[in-house]
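Here's a quick walk through one protein chain, from the overall build down to a few individual residues. Have a look at the structure before reading on.

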Amino acid sequence: MMQQYNRIKADHPDTLLFYRMGDFYELFHQDAEKASRLLGITLTQRGASNGSPIKMAGVPFHSAGQYLAKLVKLGESVAICEQIGDPATSKGPVERKVMRVITPGTLTDSDLLPEKSERALLAVCITSQRRQLTVGLAWLSMAAGRLRTMEFCGDEKSAIARLRQELERIAPAEVLASESLELALPGPRITPTPDWHFDLPAGMRALHAQLGVSSLAGFGADKLTAALGAAGALLRYAESTQGRGLQHVRTLCVETENEFIGMDAATRRNLELTESLRPQDAGAPDTTLFGLLDHCRSAMGSRLLRHWLHHAPTDKSIACARHAAIDALMGSDACRGLSGLLSQVPDIERITTRIALLSARPRDLSGLRDGLAQLEPLRTLALAAASTAGDALLQQLAAAIVTPVDCLDLLMRALASEPAAMVRDGGVIAPGHDVELDELRSLSQNAGQFLLDLETRERARTGIGNLRVEYNKVHGFYIEVTHGQTDKVPDDYRRRQTLKNAERYITPELKAFEDKALSAQERALAREKMLFDELLQQLAPHIARLQQIAEGVAALDTLHALALHAMENGWCAPQLVDEPCIAIEQGRHPVVENTIERFIANDCQMNAQRRLLLITGPNMGGKSTFMRQVALITLLAYAGSFVPASSATIGPIDRIFTRIGAADDLAGGRSTFMVEMTESAAILNGATENSLVLMDEVGRGTSTFDGLALAWAIARHLVESTQSFTLFATHYFELTQLPQNWPSAANVHLSAIEHKDSIVFLHAVQPGPASQSYGLQVAQLAGVPGSVIRAARRHLAQLEAQSVGSTTQFDLFASVTDASNLDVDAADNMAPMNATDTRDAAQNDALTGALALIDPDSLTPREALDALYQLKQLVANSEPE
């Protein structure tokens, strides 16, 4: 047996091998040690191999799912080795075979997959020619059967940067990369793959075979090169893990550059689309945009909604079609009626995949059967809403969800009304579907009546009143007679067992029934397994139709969820136009407005002549919220949703950038300021005139003058060179003078009112710059001790006093602007301050500092007199000799 194990393990050296032995999956040697550590199961040892004990660990096969889920979550892959031979007829070890390999990117079991998100498998192929890289990507959602590819070119730096961006967008669970590719990729598990798997001609042949075509021109893939190599490696790997062909992968989608609004990982994180910036407790409300909008009644709808939020199309016609469908649903009575019907539809998409891979369970099929029965009323409501407004998208969806009569009829006839969870438990096939199965079930189920009848006859025949006919698992069926009645036992009774007070017998009639009854249950289970496998085969021709239905139901569910939220929260339909603009009236942050009692709505007006808004105001005043809400409204509009505003008109947008928050990257060896500058560099290098840029307090991670200079230069570049739509929040009030030199920049501020030592935030965006940042008041609200606040006030007074008579804030900028026109020699030759000026400035600083440290209200007369003498002495000491 260990020789057999070693042969199988040699084919899967880097994978945990679950080796089936009876009712357990066993692991041996290093696999056992690793599984024991990861799963917390007992590590034992038995026998020896090459003089060393054989270490073992195991899990029960009927509860293996929970252990597999934990291993997959930890990024491990597991090969499932099953017994395929019959232990009763095997002379040596039972024949075993790896039936499938479970990896993070090839999951299909509902127990292993997150319900509302995808787990994609991605392959990357990179070719090089004349210092230009061609990067080909192919990725597959195994549970949905969707295969996508894309390809892009560039020099090494730009191509690798683009690759990282695409990986952040697709977020694969597993990446296949050539063994010779020396590239550190972010995030997912990397599976090294032999170079020859990425052969381009072989990849083309693999796609032809998978899609059943002789040309890829119909998919727009005939011009691809590296992407074909990636697709070939992907299909080879996916088939090897499943142990069979991928019947459900029938189409190919080729994504093009700029098809979706671009967002890097920082932007997706800062906007909290599907992941919160703050750790959330179990059971706490989901504060992400996805959590807010997910009113979907099916898991398919939730996954599509997540996809729409991360993949807002730049083609406004797609978004406008979704807006029209939402408007039609809101104007129809059908919207409310859809909720109940959609909630009764199971995850048809993933069930169809399991049918194709022959891994569907009985309750998958019963759920599919019940869900298909809801399609006709769903279609009727969709058509009613479409006819009311004449909406084309709803009509298309209604056409997609026509009930597949043949498929539904097959499931109704073949499947029990409430089947068991597993085929091995029996009770899966409906009565009347198969004559032989019905006969076998009758034998097994009617055994009790036969035994009662036999007991009655034997009592009458023998005259033994206490004779009993019974059964146990050890001895099977038997007739039990007490010792006092054994003299009445007929000659055809054969003794089976002697007890203290009774004898047990068997008769030829009872033996014949025993052979028939005991084998009937076993044969019935085997017959049911065969019929269930046949049913899966009979459903194979319906796979494409079921996938079409799944897509239609998911889209209808997502539109319905967006319509419900728009109705309940007073959202409006945005207008997407060709002119460059972002005109939002009474805009609101979609998530924040649902978490506070009263949200202050604000306008945002940007156009070709007004491209940069400098946003000032107090901390906690709402600057970041205002910036994020503009970005979210823009994204929602292009994703096809209504938006939280009284009106919104938005022009073309190709990318959204954010530079918000402060965090370091210790693992990557980057300080907070380095992270800030890296993100700023990505914006300055990647933004275009159609991009939306959010910059929050750039330059705060370094010294005041360094930060101010960088913030000014970055703002100037955005308004002068890039000319993107930019929201630039800052506490550097010097920047508020920028609009005087660049008319396309404008000042706005978040208002607040100061009352004594406290502050009231109004959260209203108003034109013009703010007067101050109210930092001490916010610190006081945060609970900073009063002594610290008082010390800060004294030091602030000292700093402000020292600045009296110095150059104004704008003069500082003017000097920078003027100095930019000087050459280095001229700057070096500028006249320094003379000695007298320096001495006077030092004397003033010393006096000002001493005065700032005096608190007149707390001094006694004696202390006040001492302070006066100290000031007089300070002046005397500073006089020139």
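## The overall build

The protein chain has 30 helices and 26 strands. Its radius of gyration is 38 Å, well over the 29 Å that the globule rule gives for 881 residues, so the chain is more spread out than a compact globule. Keep in mind that this is a predicted model. The C-alpha trace spans about 140 × 70 × 60 Å along its principal axes.

What share of the 881 residues counts as buried? The figure is 48%. Looking at contacts between residues at least 6 apart in sequence, 66% join residues at least 24 apart. The accessible surface comes to about 42,600 Å², and 51% of that belongs to carbon and sulfur atoms. As for charge, the chain carries 82 positive and 105 negative side chains, with the centres of the two sets 8 Å apart.

Now for helix α3, which covers residues 64-73. Its buried residues are Ala-64, Leu-68, Leu-71 and Val-72. Seen down the helix axis, these fall within an arc of 95°, so they line one face of α3.

The face turned away from the buried side of α3 carries the exposed residues Gln-66 and Lys-73. What do the buried residues of α3 pack against? Their partners are the strands β1 (16-21), β2 (24-28), β4 (52-60), β5 (78-83) and β6 (96-102), along with helix α2 (29-39). Just after α3 comes Gly-75, with a positive phi of about 90°.

| Residue | Relative accessible area |
|---|---|
| Arg-162 | 15% |
| Leu-564 | 4% |

Arg-162 sits in helix α4 (residues 156-170). Both values count as buried because the cut-off is under 20% relative accessible area. Setting aside neighbours within four places in sequence, Arg-162 is in contact with Met-150, Phe-152 and Glu-257.

Leu-564 belongs to helix α20 (residues 543-569). Which residues does Leu-564 touch, not counting those up to four places away in sequence? They are Arg-297, Cys-335, Arg-336 and Ser-339. Leu-564 and Met-330 are 234 residues apart along the chain, yet 7.5 Å separates their C-alpha atoms.

Terms used: Residues numbered from 1 in each chain as written. Predicted model: local features only at pLDDT ≥ 70, side-chain atom pairs only at ≥ 80, totals over all residues. Heavy atoms only, no water. Helix = DSSP H or I, 4+ residues; strand = E, 2+ residues; numbered from the N terminus. Rg over C-alpha atoms; globule rule 2.2 N^0.38 Å. Buried < 20%, exposed > 50% of the residue type's maximum accessible area, 1.4 Å probe, protein only. Contact = heavy atoms within 4.5 Å. Areas by Shrake-Rupley, 256 points an atom, 1.4 Å probe, with all protein chains shown as cover. Lys, Arg positive; Asp, Glu negative; His and termini not counted. Charge placed at Lys NZ, Arg CZ, Asp CG, Glu CD. Arc of directions from axis to C-beta.
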